[in-house]
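Dear colleague,

Please find below the structure for your review, followed by a summary of the findings.

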Amino acid sequence: MSSSKLPPLTYKVVAECSVSKARAGLMTLRHSEVRTPVFMPVGTQGTMKGILPDQLIELDCQILLGNTYHLGLRPGIETLQKAGGLHKFMSWPRAILTDSGGFQMVSLLQLAEIDEHGVNFRSPFDNTECMLTPEHSMQIQNAIGADIMMQLDDVVKTTTTGPRVEEAMERTIRWVDRCIKAHTRDDEQSLFPIVQGGLEIPLRERCVSALMERQVRGFAVGGLSGGESKHDFWRMVHVCTDHLPRDKPRYLMGVGFAADLVVCVALGIDMFDCVFPTRTARFGCALVDRGQINLKQQKYKHDMEPIDKQCNCSTCKRYTRSYLHHIATNEVVSCSLLSVHNVAYQLRLMRSMREAVQADAFPQFVKDFMARHFGSEPIPSWIREALAAVNIELPADAQEQRVNS
C-alpha cells in the first residue's frame, strides 16, 4: 500500500512500564515518525524564537507546534495556501501540530467574546475584529497543513467553578462535531478532540466518554496547568488517562517543567508542549536536571565549565558558563545559544524516559531523576502522591526521615 493510502496517523504502543502507566510508542505521521513520549517545542508564528529549523533537526526534534490564532492573523490563510502550507512556508520537513486558538479565549480574554457560534476576538495587532468559529479554525488549520490539529474548544480558567465549567465542557463536545464536519483534509491531517471539565472528576469522565464516541485518531487533555493546585492538576491527568483508550496517543497541553513531564509520563501521557524552554532562555536561564541556572548571576563570571557536561548540544560543546554569563540578556545571540541547549535538554529528557520504559526500568529512572532534581530539598507532596497513585514510591527524603525518627 502506498504511503498516500495509509492513514495520516498511526500509533503503536512499543513498550509499557510494568509498574506505572508510562508507555513508549511510535506515531507515524505524513511528515515524520514521532517516538513518544515526546516534547514539542512551540513555534507560535511559524518560527522558534532563537532557533532555526536546521538546528531543530540537528537536535532530532520530531514535531513542533504552531498557533492557529496567530497564524490565521499573520500571515493569514491566503499566504499559507499560496506557500503550500506551513511546512513549506517555514522550511520545516518534519511533523507539525497546531492548537485551535481556543487557549487565547483565556490568555486574551479581555479581547474576546464567547457564545455558541464561536469566539469574537479583537486583534492585538490592529484592533480589527475576528470571529473564530469551529469551522474557521478548521479552515485555518487545513491551510496550515499541520499533521495534527486541535478542535476549537471552550476554554475557561482552571480555577473557575460553578455552571460555567459544565457549560464549557458541553460546548466543547458540540464544537468537536462541527470541527469534524468542517475538516476537509482528513486523508492528510488528523483532528484531536480536547478533554475539558475543569477540576471536576465527573465532568472529565463525561467528556472523555462523549469524545470517545467520535472517530478520531488521538486525544488531547486541556484546561490544565493554568493556576490550579498541583494536587488538582495530577488528579485530573490521572482520571483522564484512566479512561482514554490505550491504542491512541494522549496529548497534555501546555506542560513543560521537567518534574511535571516525568510525573505525567508516569500517569500515561504521551505528548507535551510548552513555551517554557525558549522563554526562560530569553531571561538568561539554562535548564539542568536540578531545575535551571541563572547565568546572569555573578558566580558564573569565571566558570569555565559548560552548562551541562552530559549535554552534547552545540552550545555545551563550544561555550562556557563564563561566556554565556558575559552575553546573557545583553546580546541577541545569547537567546539562541540558551534556547538550543534548553530544547536539547527537554528532548534528551524525553528520550531518556522512552529508553527507561523500553528497558522496563522507568520507576528507577523516576527515583534517580527526582533525587537529582530536588537534591537536599524535600520532594513536593503532590509529586509523591501522584507517583504513589501509579505504584512508584519515592524514598523518604532527609526532612521526612527527621520527622519520622
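Leaving aside residues up to four places away in sequence, Gln196 touches Asp153, Asp154, Val155, Met169, Thr172, Leu203, Arg204, Cys207, Gly222 and Gly223, where contact means heavy atoms within 4.5 Å. This is a predicted model, in which local features need pLDDT of at least 70 and side-chain atom pairs count only at pLDDT 80 or more, while totals for chains, interfaces and linings use all residues. Residues are numbered from 1 along each chain as its sequence is written, and side-chain values use heavy atoms, with hydrogens and water left out.

With Asp153, Gln196 also forms a side chain to side chain polar contact at 2.7 Å; such a contact is a pair of N or O atoms within 3.5 Å, and within protein one must be able to donate a hydrogen and the other to accept it, residues adjacent in sequence counting only if both atoms are side-chain atoms. Gln196 lies in the loop between β12 (194-195) and α8 (201-211), and Asp153 in the loop between β10 (148-150) and α7 (163-182). Helices (H or I, at least four residues) and strands (E, at least two) are DSSP runs, numbered from the N terminus. Gln196 is buried at 5% relative accessibility, as is Asp153 at 4% relative accessible area; buried means under 20% relative accessible area, exposed over 50%, and partly exposed in between (1.4 Å probe, protein chains only).

Elsewhere, 21 of the 27 residues of α14 (332-358) are buried. Just after α14, Asp360 takes a positive phi of about 50°.

Yours sincerely

Note on methods: Expected span 1.5 Å × (residues − 1).
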